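This report goes through one protein model, topic by topic. Please keep the sequence and the 3D view open while reading.

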Amino acid sequence: MIENLKGIYETVNFRQNTNLRLYDNDKFENYPPHWHTPMEIIMPLENIYTVECCERTIVLREQDIIFICPCCLHRLYAPEHGRRIIFQPDTAILREMKDIETILSILSPVIVITPEDNPDIHPQIHSLLLEIKEEYLKNSSLAEAAIYSRLLSILVLLGRSYTETGKHFDVANTKQKEYTEKFMYICDYISAHCTEDLTLDSVADLAGFSKFHFTRLFKQFTNVSFYKYLNQKRIATAEKLLANPGYTVTDVALNSGFSSLSSFIRMFKIIKNCTPTEFRSMYCN
């Protein structure tokens, strides 16, 4: 299934004139550690399927669904007999919508949806994925638009389930909605201003909390620290800039919000498992 692998970076072979790839996969084949810029959605149709991601081993049963966010290192193990949908959509065009960008950040790096744990949304997502498969295999007119409309519906279901039904903060139920809306706004703000000199103090002040209270609430909402979230956004900006050969690595560092080249290279390697130069060589050449 992996058709273009350079080191650990996979160039996804999209269907011609689309930003989509889907496999109705029944291969008895394991795939080594790799990452790619599209999201990956996997749903076993027959037998289990095993995913290693972020130091977790996840055994998917039939109809369990895993969402692996863009640029997340993972490996896959197939049983001797089985079948699964493996869907790889480029989410770049959807990220222009700030809500989708925030949803993907909150769900990152990986989320599993099962009938038992997510009875409110699993049947709908399961049905939408089957519709995506049928649209892809038929390849009729406007198939890409039809598929993206369903993918957008899936992301909205995930986002609403997370923000509306989850209890993310250790505060009274009456405060949950208020805090969720506030931290959705804060995440959008960080995404829009990540290349600026953002500090924990300034963003906590914007949110109206003390630094220590904000730090705790932000971690509860996003599952990562403020500075890790900020650096992830800066590295995502750097990835786009590295695709432009007119920018030196130093230019990219300074235009991504980093104060020095050394701090940029160090953080890039932590998040991407390679240096900016190696990334440019793998992805941009």
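## Terms and basis

A residue is called buried when its relative accessible area is under 20%, exposed when it is over 50%, and partly exposed in between (1.4 Å probe, protein chains only). This is a predicted model, in which local features need pLDDT of at least 70 and side-chain atom pairs count only at pLDDT 80 or more, while totals for chains, interfaces and linings use all residues. Residues are numbered from 1 along each chain as its sequence is written, and side-chain values use heavy atoms, with hydrogens and water left out.

Cys72 is buried, with a relative accessible area of 7%. Cys274 is in no disulfide, and the nearest cysteine sulfur, in Cys71, is 9.7 Å away. Cys274 is also buried, at 3% relative accessibility.

A disulfide is counted when two cysteine sulfur atoms lie within 2.5 Å. Over the whole structure, the search finds 0 disulfides.

## The nonpolar core

A nonpolar core is a set of buried Ala, Val, Leu, Ile, Met, Phe, Trp, Tyr and Cys residues joined through side-chain atoms within 4.5 Å. In the largest such core there are 29 residues, and Phe67, Phe87, Ile125, Leu129 and Leu158 touch the most other members. Among the elements that give two or more residues to this core are strand E3 (20-25), strand E10 (83-89), helix H2 (122-138) and helix H3 (143-165). The largest share, 7 residues, comes from H3. Helices (H or I, at least four residues) and strands (E, at least two) are DSSP runs, numbered from the N terminus.

Ile125 is found in helix H2 and is buried, with a relative accessible area of 0%. In soluble globular proteins, nonpolar side chains tend to be buried together.

Helix H7 covers residues 226-242, which makes 17 residues. The expected span of a helix is 1.5 Å times one less than its number of residues. For H7 this gives 24 Å, and the end C-alpha atoms are 24 Å apart, which agrees. The buried residues of H7 include Phe226, Tyr229, Lys233 and Glu239.

A salt bridge is a side-chain nitrogen of Lys or Arg within 4 Å of a carboxyl oxygen of Asp or Glu. The structure holds 9 of them. Lys233 pairs with Glu101, the closest N and O atoms being 2.4 Å apart. This pair links distant parts of the chain, as Lys233 is in helix H7 and Glu101 in helix H1, 132 residues apart. Glu239 and Lys272 also meet in a salt bridge (3.4 Å, N to O). Glu239 lies in helix H7 and Lys272 in helix H9, so the pair ties together parts that are 33 residues apart in sequence. Lys272 is buried, at 2% relative accessibility.

Arg280 lies in helix H10 (residues 276-283). Arg280 is buried yet has no salt bridge, and the nearest side chain of opposite charge (Lys and Arg count as positive, Asp and Glu as negative; His and the chain ends are not counted) is that of Asp251, 7.7 Å away.

Asn139 lies in the loop between H2 and H3, and its phi is near 55°, a positive value in a residue other than glycine. Asn273, in the loop between H9 and H10, has a phi near 65°, also positive.
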